[in-house]
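Take a look at the chain below.

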Amino acid sequence: GSSIDMATMPNRENYSNEYEYGLDLISWYQKSFKNADKRLNANVIMPGATFIGDENTVYKLYWPYAEHANDDPPAYRTNWSDQALFPWRKFVNVGEENQQRWDSPNDIPIIRYADILLMYAEAKNEAEGPTAKAINAVNKVRQRAGIVGLSNGLSQEELRHHIRMERLRELPGEGHLYLDVRRWRTAHTNDPVFGLNNEVLDFRGKKIFKRVFNERQYLWPIPEQAIEINDKLEQNPGW
């Protein structure tokens, strides 16, 4: 439940080469996230974690890849191994290699009970405030994940934040979060968690690219042809 101080992460400037930096960086991740929410490792392959790949070969996520390609276990390799990315573990089949979506035997869940519980909690909190029923719904999701439950006495804003964070932890990779930040109208902000106007970083803290979401993007533009047919239509703001 406690936060992790990212400022303690090793800084590349303090190392003479990438190899030595990578050793300390991986070690830092393993120590800092050792007791993190177990859903983290269930969703992504964390630095220093192992993964059973094609033909049951065990791989490990090192940095940099090339320096550990012949280690035991060998480095986990992706098509973007020149970048320090967090590969998905969720929906990736252990012991198999599926390179395309149509190769996978996994079905993407359209809706899960955890999603229903969190939607219920969100609706109750927005309509009635932090009621016991709203908190209990969140705690059912947290209990299943082995996380200490929320206590009573939260404000509406505090419970709203917990619900949003719970959706982030429980539902990543399932197609919900982009729609969540749109309906919460946080997408156009630079909020570090729920905003889309910020830099996307790799696990070294190095910029990969910058996302941009303009406020006008909450609505699509109305086609000009439709406006010409119906002069009562007005173009959506910003388009």
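The paragraphs that follow go from the overall layout to single residues.

This is a predicted model. The chain has seven helices and four strands. Read from the N terminus, the order of elements is α-α-β-β-α-α-α-α-β-β-α. The C-alpha trace spans about 65 × 50 × 40 Å along its principal axes. The chain has 239 residues, and 36% of them count as buried. Consider next the contacts in the chain with a separation of 6 or more: 47% of these come from residues 24 or more positions apart.

Helix α3 covers residues 113-128, and helix α5 covers residues 156-170. Their axes come within 10 Å and cross at roughly 165 degrees. An angle over 145 degrees counts as roughly antiparallel, and α3 and α5 are therefore roughly antiparallel to each other. The crossing in which α3 passes α5 is left-handed. On the α3 side, the contact is made by A114, D115, L118, M119, A121, E122, N125 and E126. On the α5 side, Q156, L159, R160, I163, E166, R167 and E170 take part. What classes of residue make up the contact of α3 with α5? Six are nonpolar, two are polar and seven are charged.

Helix α3 also packs with helix α4, which covers residues 132-144. Here the axes are 8 Å apart, and the angle is about 155 degrees. That makes α3 roughly antiparallel to α4. The crossing of α3 and α4 is left-handed. From α3, the contact uses Y113, A114, L117, L118, Y120, A121, K124 and N125. From α4, K133, A134, A137, V138, K140 and V141 contribute. By class, the contact of α3 with α4 has ten nonpolar residues, one polar and three charged.

Now the backbone. Most residues other than glycine have a negative phi, and most peptide bonds are trans. A few places in this chain are worth checking against that background. The peptide bond from W63 to P64 is cis, with omega near -10 degrees. P64 sits in the loop between β2, residues 58-60, and α3. A cis peptide bond also joins D72 and P73, with omega about 5 degrees. P73 too is placed in the loop between β2 and α3.

E55 is not a glycine, yet its phi is positive, at about 55 degrees. E55 is found in the loop between β1, residues 50-52, and β2. Is E55 buried or exposed? Its relative accessibility is 67%, so E55 counts as exposed. R185 has a positive phi of about 55 degrees and is likewise not a glycine. R185 lies in the loop between α6, residues 177-183, and β3, residues 199-201. The relative accessible area of R185 is 43%, so R185 is partly exposed.

Last, the aromatic rings. A pair of aromatic rings is described by the distance of the centres and the angle of the planes. A search of the whole structure finds 13 aromatic pairs. One of them is Y29 with F33, a stacked pair at 5.5 Å centre to centre with 15 degrees between the planes. Both Y29 and F33 are buried. Another pair is W63 with F203, which is edge-to-face. Its centres are 6.3 Å apart, and the angle between the planes is 85 degrees.

What does the pair of W63 and F203 tie together? W63 lies in the loop between β2 and α3, while F203 lies in the loop between β3 and β4, residues 207-210. The pair therefore ties together parts that are 140 residues apart in sequence. W63 has 6% relative accessibility and so counts as buried. F203 is buried as well, with a relative accessible area of 1%. Ring pairs link W28, Y29, F33, W63, F86 and F203 into a cluster.

Notes:
Residues are numbered from 1 along each chain as its sequence is written. This is a predicted model: local features need pLDDT of at least 70, side-chain atom pairs count only at pLDDT 80 or more; totals for chains, interfaces and linings use all residues. Side-chain values use heavy atoms; hydrogens and water are left out. Axes are lines fitted to C-alpha atoms, for helices over the stretch in contact, and angles run from 0 to 180 degrees between N-to-C directions. Helices (H or I, at least four residues) and strands (E, at least two) are DSSP runs, numbered from the N terminus. Angles under 35 degrees count as roughly parallel, over 145 as roughly antiparallel, 65 to 115 as roughly perpendicular and the rest as oblique. A crossing is left-handed if the near helix is turned anticlockwise from the far one by less than a right angle, and right-handed if clockwise. Contact means heavy atoms within 4.5 Å. Ala, Val, Leu, Ile, Met, Phe, Trp, Tyr, Cys and Pro count as nonpolar, Asp, Glu, Lys and Arg as charged, and the others, Gly among them, as polar. Buried means under 20% relative accessible area, exposed over 50%, partly exposed in between (1.4 Å probe, protein chains only). Rings of Phe, Tyr and Trp (its six-membered ring) pair if their centres lie within 6.5 Å; planes under 30 degrees apart count as stacked, over 60 as edge-to-face and the rest as tilted.
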